[in-house]
Amino acid sequence: KQLFNDGWKFWLGDEATASTVGFDDASWRKLTLPHDWSIEHDFDEKYPSGNDGGYVMTGIGWYRKSFIVPTSIVGKRLSLYFEGVYMNSEVFVNGQSVGKRPYGYSSFAYDITPYIKVGEQNVVAVRVDNSKQRNCRWYTGAGIYRQVWLVTTEALHVAHWGTYITTPEVTKELAKVQVAVQVKNETKADKQAMVSVSLQKEGKEVAKGSLPISVASLKEYKAIISLDVKNPELWSSDTPSLYEAHVTVEADGQVMDSVTEPFGIRTFTYSATDGFRLNGQPMLLNGGCAHHDNGVLGVCGPYANLLTYR
């Protein structure tokens, strides 16, 4: 996993051929991500974003970047992970559309392996469309406003966002931790693998387990490993104690992938009579915002359904 923020070029406007490999972007502005073009321009009450969007310029923008993929990538999988693009983005690799994201606040990733030319120059282009106004109740920005990552994995690997940790049973003496690992096999053969989990607290192992699995060709398998943690340190807002789950996938005598996920051990309940309880203790929730609508002051947040003043 390596940052992919440097060496981009940007142009504010729309151009139908900007996704093609041979497009001439020599005159485009050079920049490093993250980038927001809205805040770079003057505020103007005539902009379609209006008061809700902060009176900023929106529109359509293009980003392009050239890069070379080394021959060591052969047999592996390559993906681009975008932490945030506002909004309605489409990503192209070497002139081919690899995916669209019709939103602005969710992260997303695309497998670009089929579109890559190994050992040669490759071009990624991203079209960002924030022209459809108004589309939010507050300032959103416009562009690739968070980091971009280039992720390389073996063909047998943990799927993107493929680790899910829960704590179904928690007491002061014992916590049951369940780690679900989605293993993806992108080879043309069935694979026998071993999924192992080591739970650690400040570098010290507190529990471990493993599970042999069989993953069919071009399929996924969810491995679920349950572990016991004795005398757990519970997470709370006052004492945010965290553990780490170190996950490895082994096959053919070697480690194919490894993932580390932090997590907290805690319980929470909510009821109309007892309110919200964290680790069995009552906890007040404060928050929300105020907004005016046709002379009405509304309260949003935890009390949105309870209170409206005129």
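The model in which it sits is a predicted one. The side chain of aspartate 52 forms a salt bridge with the side chain of arginine 134, with 3.8 Å from N to O. Aspartate 52 belongs to the loop between strand 3 and strand 4 (59-68), while arginine 134 belongs to the loop between strand 9 and strand 10, so the bridge ties together parts that are 82 residues apart in sequence. Arginine 134, at 52% relative accessibility, counts as exposed, because the cut-off for that word is over 50%.

Arginine 134 is also of interest for its backbone. The peptide bond that leads from glutamine 133 to arginine 134 is cis, and its omega is near -5 degrees.

The structure as a whole holds 14 salt bridges. One of them joins the side chains of arginine 127 and aspartate 14, at 2.8 Å from N to O. Arginine 127 is in strand 9 (residues 121-130) and aspartate 14 is in the loop between strand 2 (8-12) and strand 3 (29-31), so this pair links distant parts of the chain, 113 residues apart. Aspartate 14 is partly exposed, its relative accessible area being 42%. Arginine 127 and aspartate 14 also belong to a network of salt bridges, together with Asp129 and Lys132.

A further salt bridge brings together the side chains of lysine 184 and glutamate 220, with an N to O distance of 4.0 Å. Here the partners lie in strands: lysine 184 in strand 12 (residues 174-185) and glutamate 220 in strand 15 (residues 220-230), so the pair ties together parts that are 36 residues apart in sequence. Lysine 184 is partly exposed at a relative accessible area of 28%. Glutamate 220 also counts as partly exposed, at 40% relative accessibility.

The loop between strand 5 and strand 6 (89-93) is the next place to look, and methionine 87 is found there. A cis peptide bond with an omega of about -10 degrees joins tyrosine 86 to methionine 87. Asparagine 88 is in the loop between strand 5 and strand 6 as well. Asparagine 88 is not a glycine, yet its phi is positive, at about 45 degrees. Its relative accessible area is 22%, so asparagine 88 is partly exposed. A positive phi is also found at asparagine 279, another residue other than glycine, with a value near 55 degrees. Asparagine 279 lies in the loop between strand 19 (275-278) and strand 20 (281-282).

Strand 11 gives the largest share, seven residues. By type, the lining of the largest pocket divides into nine nonpolar, eight polar and seven charged residues.

Notes:
Residues numbered from 1 in each chain as written. Predicted model: local features only at pLDDT ≥ 70, side-chain atom pairs only at ≥ 80, totals over all residues. Heavy atoms only, no water. Helix = DSSP H or I, 4+ residues; strand = E, 2+ residues; numbered from the N terminus. Nonpolar A, V, L, I, M, F, W, Y, C, P; charged D, E, K, R; others polar. Buried < 20%, exposed > 50% of the residue type's maximum accessible area, 1.4 Å probe, protein only.
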